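Please read the points below with the sequence and the structure open side by side. They are notes on local geometry and packing.

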Amino acid sequence: MSKVKAVTNPSREELLGIIDSALSKEAMLTIFARCKVHYDGRAKSELGSGDRVILVKPDGAFLIHQSKKREPVNWQPPGSFVTVEERDGIIVLRSVRRKPKEILEVELEEVYLASLFKAEDYEELALTGSEAEMAEMIFKNPELIEPGFRPLFREKSIGHGIVDILGRDREGNLVVLELKRRRADLHAVSQLKRYVEALRAEHPAVRGILVAPSLTSGAKKLLEKEGLEFRRVQPPKRESVAKGRQTTLF
């Protein structure tokens with residue numbers, strides 16, 4: 001996956017592709033759009049149609065900025081769960097905070113630009129490596145997945161998205177690995193399921209394995225229901241990066 005992808009005036013398919021990739025690959029999502037905003041939580045608010053900047057971060061933070069003032073006009077904190085759906089032909093971004101219960105929805109009426117940025121920032125403290133480093137570690141040590149596993153392709157495009165690692169097991173079955181450097185959730189399972197189903201249309205035997213340090217109870221139940229598998233793998237450790245003053249260019 002490239003670090004940056006941007007599309008101006010995206011089609012419905014392009015927009016859904018960027019949003020899905022950003023949410024599943026822990027990338028920063030930025031959308032310039034005319035939109036409506038609905039909030040229901042400690043209070044209720046409605047924001048009519050207007051041009052805004054929407055920012056969704058990998059930690060679940062969700063911010064909507066107007067063309068004035070410093071603070072976002074609507075926002076959700078880190079830890080919120082972000083999904084995308086389509087209602088009556090309109091793509092809707094939905095952010096849910098559980099405690100206290102708050103729901104923020106953005107109806108994307110017209111999108112001028114959508115982008116994702118696979119940002120890596122370890123300035124404060126870096127405890128684990130990136131998913132790219134996880135993939136490299138697995139290619140060097142395929143037995144981390146299981147004896148006889150052979151990784152063949154990294155970031156393999158299959159038309160329905162990009163598979164982190166595609167390989168074969170000792171029986172010759174095709175194996176799809178979906179990597180998460182943090183705790184995997186329902187979205188990760190749904191992503192893996194979609195890749196496996198797409199490949200099963202062309203190949204007789206396909207296994208799907210979610211690879212992460214841990215997973216939520218909901219993700220575990222869905223994996224079992226869909227006949228998918230889980231491997232507990234810790235990302236490679238990084239050393240702490242000391243904080244320092246910003247240096248000037250001149």
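1. P100 sits in the loop that joins β7 to β8 (102–117). The peptide bond leading from K99 into P100 is cis, with omega near -10°. Most peptide bonds are trans, and most residues other than glycine have a negative phi. Strands here are DSSP runs of E with at least two residues, helices are runs of H or I with at least four residues, and both are numbered from the N terminus.

2. On the source: this is a predicted model, in which local features need pLDDT of at least 70 and side-chain atom pairs count only at pLDDT 80 or more, while totals for chains, interfaces and linings use all residues. Residues are numbered from 1 along each chain as its sequence is written, and side-chain values use heavy atoms, with hydrogens and water left out.

3. Two residues other than glycine have a positive phi and deserve a look. E26, in the loop between α1 (12–24) and β2 (28–40), has phi near 55°. K69, in the loop between β4 (62–65) and β5 (74–76), has phi of about 70°. Are these residues buried or exposed? E26 counts as buried, at 15% relative accessibility, whereas K69 counts as exposed, at 74%. The cut-offs are under 20% relative accessible area for buried and over 50% for exposed, with partly exposed in between, using a 1.4 Å probe and protein chains only.

4. Helix α3 (residues 186–200) and helix α4 (residues 217–226) have axes that come within 8 Å and cross at roughly 20°. That makes α3 roughly parallel to α4. The axes are lines fitted to C-alpha atoms, for helices over the stretch in contact, and the angles run from 0 to 180 degrees between N-to-C directions. Angles under 35 degrees count as roughly parallel, those over 145 as roughly antiparallel, 65 to 115 as roughly perpendicular, and the rest as oblique. The crossing of α3 and α4 is right-handed. By definition, the near helix is then turned clockwise from the far one by less than a right angle, and a left-handed crossing has it turned anticlockwise.

5. Which residues make the contact between α3 and α4? From α3 they are L186, V189, S190, L192 and K193, and from α4 they are G218, A219, L222, L223 and E226. Contact means heavy atoms within 4.5 Å. The residues of this contact divide into six nonpolar, two polar and two charged. Nonpolar covers Ala, Val, Leu, Ile, Met, Phe, Trp, Tyr, Cys and Pro; charged covers Asp, Glu, Lys and Arg; the others, Gly among them, are polar.

6. Helix α3 also meets α1: their axes come within 10 Å and cross at roughly 125°. The two helices are therefore oblique to each other, and the crossing is left-handed. D20, L23 and S24 of α1 make the contact with H187, Q191 and R194 of α3. By class, this contact has one nonpolar, three polar and two charged residues.

7. Helix α2 (residues 131–140) has E131, M134, A135, M137 and I138 as its buried residues. Seen down the axis of α2, these fall within an arc of 160°, so they line one face of the helix; the arc is that of the directions from the helix axis to the C-beta atoms. Among the elements that cover them are β9 (150–157), β10 (162–168), β11 (174–179) and β12 (206–212).

8. A205 lies in the loop between α3 and β12. A205 is partly exposed, with a relative accessible area of 29%. Leaving out residues up to four places away in sequence, A205 touches N173 and L174.

9. D40 belongs to strand β2 and is partly exposed, at a relative accessible area of 37%. Residues up to four places away in sequence aside, D40 touches K101, E102 and I103. D40 and E105 are 65 residues apart in sequence, and their C-alpha atoms are 8.8 Å apart in space.

10. G89 is in the loop between β6 (81–87) and β7 (90–97). With 58% relative accessibility, G89 counts as exposed. The C-alpha atoms of G89 and R12 are separated by 9.3 Å, and the two residues are 77 residues apart along the chain.
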